[in-house]
Amino acid sequence: MAIIELRDVSFAYKDSTVLALSHVNFSVERGEFVGVIGPTGAGKSTLCWTIVGVVPQILRGEFSGAVFVNGLAANETPVARLAQIVGLVQQDAEAQLLMTDIEKEITFPLENLCLPREEIDKRLNYVLDLVGLRENRLRHPFYLSGGQKQRVAVAAVLAMEPEILILDEATSELDPVGAEEIHDLAGSLKKQGKTIIMVEHNIDELARHADRIVVIDHGEILRDGPTREVLSDVDFLCGLGIYPPQVTQVAYHLSRQYGVQFEQFPLNVEEGEELFGKMLRA
Amino acid sequence: MSVDDIVLKTEELYYRYPTRSDYALINVNLDIRKGEFVAIIGQNGSGKTTLIKHFNGLLKPTRGRVIVDGKDTRGLPTSELARSVGYVFQNPDHQIFAETVKDEIDFGPKNLGFPPERIEQARQRVLAEMGLQGLEEEMPFQLSRGQRQRLAVASVLAMEPVILIVDEPTTGQDWRESISLMELIYQLNKKGHTCVVTTHNMNLVSLFARRVIVMWRSEVYLDGTTQEVFAQVDQILRAGIKPPEVYELARRLLPDVRLDRPIIPEDLAELLVKEREKIHR
Amino acid sequence: MAFVLQMLELGKLRSPIHSLDPRAKLLWWICLIIVPILVTNPFILLAFTIWIWIMAVLAKISYKMYRFLIITYPVMVGFIVLTWPFFYPATEDQFYFFRFGILHWSLEGTIYALAMGMRIVLALTACTFFVMTTDLMGLASAVGEFMQNKLRISYMYPLMVISSFKFLPELSGDYITITDSFRSRACDIDAGSIVQRFRKTIPVAIPLIDSMLRRAMRISIALELKAFDVDIKDRTFYEKYVFTWKDVLFVLTGVLAILFSILAIVLGIAKVEMYL
């Protein structure tokens with residue numbers, strides 16, 4: 001059974017007539033890594049908030065349809081309860097950290113869950129090593145780089161041991177190195193069996209780890225398929241104002257303008273080197 | 001080109017923040033000429049924001065000099081240097097305060113004491129340049145994020161600066177919005193404005209900038225034409241930057257080809273086809 | 001702002017004093033604030049000050065932090081000694097350095113001013129010592145635990161204190177960026193007459209309030225996602241503080257300081273007037 005399932009979900013924010021989500025049907029299997037792409041204002045954040053119950057429980061409006069997360073109805077189950085199944089990391093690294101040092105940030109949600117002290121201790125040590133911030137554990141977030149702040153946000157979420165991790169444009173304010181750190185972390189979490197949903201503008205990085213890509217615009221799901229299949233449709237993506245990986249674009253131009261035949265389009269530099277190399281030698 | 005073309009110059013510029021012991025800028029020597037489109041790139045903390053804050057006097061050199069439009073910045077407050085240098089901040093919401101778009105745009109020119117006709121003219125011009133016509137009476141807070149970003153640029157442009165500095169214009173925007181803003185800045189550049197932009201989006205740099213300055217560990221690490229800089233893949237990776245994929249591919253597949261201009265995927269496809277013809281001949 | 005952050009970091013160092021219960025240090029600090037209220041004899045005050053300095057060495061506070069006090073002491077005491085004697089009641093039996101109309105400066109006045117200066121020095125030293133050796137956020141959490149478990153007061157209030165220390169440096173960063181952006185548009189916040197400056201605060205306040213509102217909205221979502229409930233509900237307190245005999249001893253030294261002060265009053269040596 002799918003761990004996340006949205007059935008015909010529509011939502012409009014209070015005082016708005018525009019549908020932020022329009023008849024969305026979407027499901028995610030356990031252990032999948034799903035990339036979500038689309039222009040600004042397409043409804044990507046609303047989708048994430050729907051899964052964690054923030055929409056419609058905190059951000060209110062006109063809601064219809066059904067959302068199930070691990071069998072629980074997300075629009076009725078308390079957000080605090082859902083947070084133990086789905087962790088959400090948001091775009092603004094600064095505003096989602098509430099405490100004065102990393103250790104407090106990570107233990108805060110665990111204290112709220114009434115976990116015994118030994119268990120908190122165990123989880124704290126585990127996630128500190130996982131995100132590589134043991135050295136800095138007593139530092140004020142003010143001193144951390146953007147990438148480090150986002151890693152703290154991820155650690156605080158992971159300490160709650162959710163099965164699903166949602167990263168909503170978590171890298172958009174980071175420099176390329178910071179962004180890569182977060183992508184690699186997400187990739188290694190997938191290997192450990194976590195289900196990952198990642199909303200991203202940086203398609204190059206997303207293509208490295210995602211099994212599946214969902215394209216959203218105007219609150220509707222336009223495409224939902226394997227990463228290579230979706231990203232190979234260069235015309236469609238460019239029409240939406242989305243920039244596919246450059247390697248894929250090179251293959252697209254080669255096949256479109258120069259009649260070069262490819263069995264499949266490459267998604268990263270390594271694949272590109274191999275395919276184009278073959279083409280040169282052929 | 002003559003020396004008179006230099007609109008911005010730093011001479012042995014060093015800077016140290018008062019609360020820190022290490023230097024944030026070390027021996028920066030740059031000449032930026034009239035009409036250039038320069039991208040300054042580098043990791044967070046590499047010193048790029050510290051550097052551009054010297055260009056309009058928000059920071060003053062600890063050692064060395066910064067000459068803007070013939071004036072040494074040390075003697076002048078930022079509010080005076082604003083006549084020569086327009087500086088657009090990363091987050092438009094940090095500067096927008098007025099009730100209408102019109103008031104927002106007129107704020108800078110009024111502070112500089114422009115006469116009413118000139119304010120009016122400047123407003124009409126920047127509204128057209130930034131694609132904001134017909135929005136004069138709108139409330140800035142009701143505009144979209146992309147429109148607010150353009151409003152921020154417009155309200156700086158209204159002061160008729162010689163040099164335009166834009167810090168991270170594309171944070172939190174999608175590709176289409178980023179392209180349309182960069183396109184507008186590019187048009188200004190073609191009209192003769194000198195533009196300096198910092199960004200993390202290397203694909204945008206490759207599309208628009210003609211010169212790239214890479215900052216690393218408080219120093220200018222690389223400085224050259226866009227294609228020269230991006231072709232040095234190893235060095236640029238060391239500075240914590242990933243060049244656009246096309247340069248990496250060009251280096252691996254076309255090691256003998258010297259790029260004479262910045263390339264985009266279409267160009268690489270063309271180069272690959274030419275190379276194939278060459279091999280087969 | 002950097003100074004506030006430095007203070008927060010200092011409280012987390014490791015030393016015999018740092019490892020004491022923050023609540024013990026709070027009680028000790030209250031005792032040491034009472035002493036200069038009871039006593040004005042500059043020699044007794046000096047003795048207490050030296051005692052705190054010796055403990056500061058035990059607490060491994062680096063010289064860099066003393067420097068702040070070393071600069072502050074002479075400035076503070078000097079200012080008091082220079083001004084106070086002018087306001088000291090002029091009676092006939094004093095030794096005057098000079099006397100001209102209502103302007104006068106006597107030896108007695110100077111001694112009295114010195115004593116007043118020493119009171120401030122002791123209070124200041126005690127405060128600085130307390131702040132530098134205590135994890136203030138840990139204290140807030142420990143007080144929060146007491147409030148929630150014993151008084152049934154929601155943890156929301158201590159949390160507000162802790163979060164404000166998280167967000168204040170960031171808000172002050174916002175403020176600097178906003179004033180910089182206005183400066184770049186030829187509006188210098190720090191120039192002009194008071195009326196002009198006041199008028200300029202309005203454009204600066206609007207983006208600042210806007211940024212605070214955006215943050216507030218994000219924070220309320222973040223709190224829910226971190227399973228925090230505003231209503232009083234059981235929660236674990238990870239940082240556990242237990243009052244040990246060391247803590248009791250430490251508080252006792254504070255209590256002894258007060259007892260000594262009271263003894264001094266009984267013996268008649270507590271007041272500076274004995275030298276006048």
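This is a predicted model: local features need pLDDT of at least 70, side-chain atom pairs count only at pLDDT 80 or more; totals for chains, interfaces and linings use all residues.

Biologist: Which three residues supply 18% of the area that chain A buries against chain C?
Modeller: Contact here means heavy atoms within 4.5 Å, and chain A brings 41 residues to it while chain C brings 38 residues. More of chain A's buried area comes from one trio than from any other three residues: Leu98(A), Glu111(A) and Arg117(A).

Biologist: Which helix gives the most to the side of chain A that touches chain C?
Modeller: There are 19 residue pairs in polar contact between the two chains, both at pLDDT 80 or more. A polar contact is a pair of N or O atoms within 3.5 Å; within protein, one must be able to donate a hydrogen and the other to accept it, and residues adjacent in sequence count only if both atoms are side-chain atoms. On chain A's side, the elements giving two or more residues are H1 (44-52), H3 (79-82), H4 (102-112) and H5 (117-130), all helices, where helices (H or I, at least four residues) are DSSP runs numbered from the N terminus. With 8 residues, the top contributor is H4(A).

Biologist: How many salt bridges are there between chain A and chain C?
Modeller: A salt bridge is a side-chain nitrogen of Lys or Arg within 4 Å of a carboxyl oxygen of Asp or Glu. One pair is Glu94(A) with Arg215(C), whose closest N and O atoms are 3.3 Å apart. Between chain A and chain C, the count is 6.

Biologist: Now chain B: which salt bridge has its closest N and O atoms 3.0 Å apart?
Modeller: The domain assignment (automatic or from a database) gives chain B domain 1 (1-84 + 163-225) and domain 2 (91-160). Those two domains bury about 1,200 Å² between them. Across their interface the rule finds 1 salt bridge. The pair at 3.0 Å is Glu129(B) with Lys191(B).

Biologist: Is Glu248(B) buried or exposed?
Modeller: The side chains of Glu248(B) and Arg252(B) meet in a salt bridge, 2.7 Å from N to O. They sit 4 residues apart in helix H10 of chain B, about one turn of the helix. Buried means under 20% relative accessible area, exposed over 50% and partly exposed in between (1.4 Å probe, protein chains only), and Arg252(B) is partly exposed at 31%. Glu248(B), at 10%, counts as buried.

Biologist: Which helix holds Arg251(B), the partner of Asp234(B)?
Modeller: Asp234(B) and Arg251(B) meet through their side chains in a salt bridge, 3.3 Å from N to O. The pair links distant parts of the chain, 17 residues apart, with Asp234(B) in helix H9 (residues 233-238) and Arg251(B) in helix H10 (residues 245-253) of chain B. Asp234(B) is partly exposed at 47%, and Arg251(B) is partly exposed at 33%. So the helix holding Arg251(B), by the DSSP runs, is H10 of chain B.

Note on methods. Residues are numbered from 1 along each chain as its sequence is written. Chains are lettered from A and ligands numbered from 1 in the order in which they are written. Side-chain values use heavy atoms; hydrogens and water are left out. Buried area is the accessible area (1.4 Å probe) that two parts lose on being put together, summed over both.
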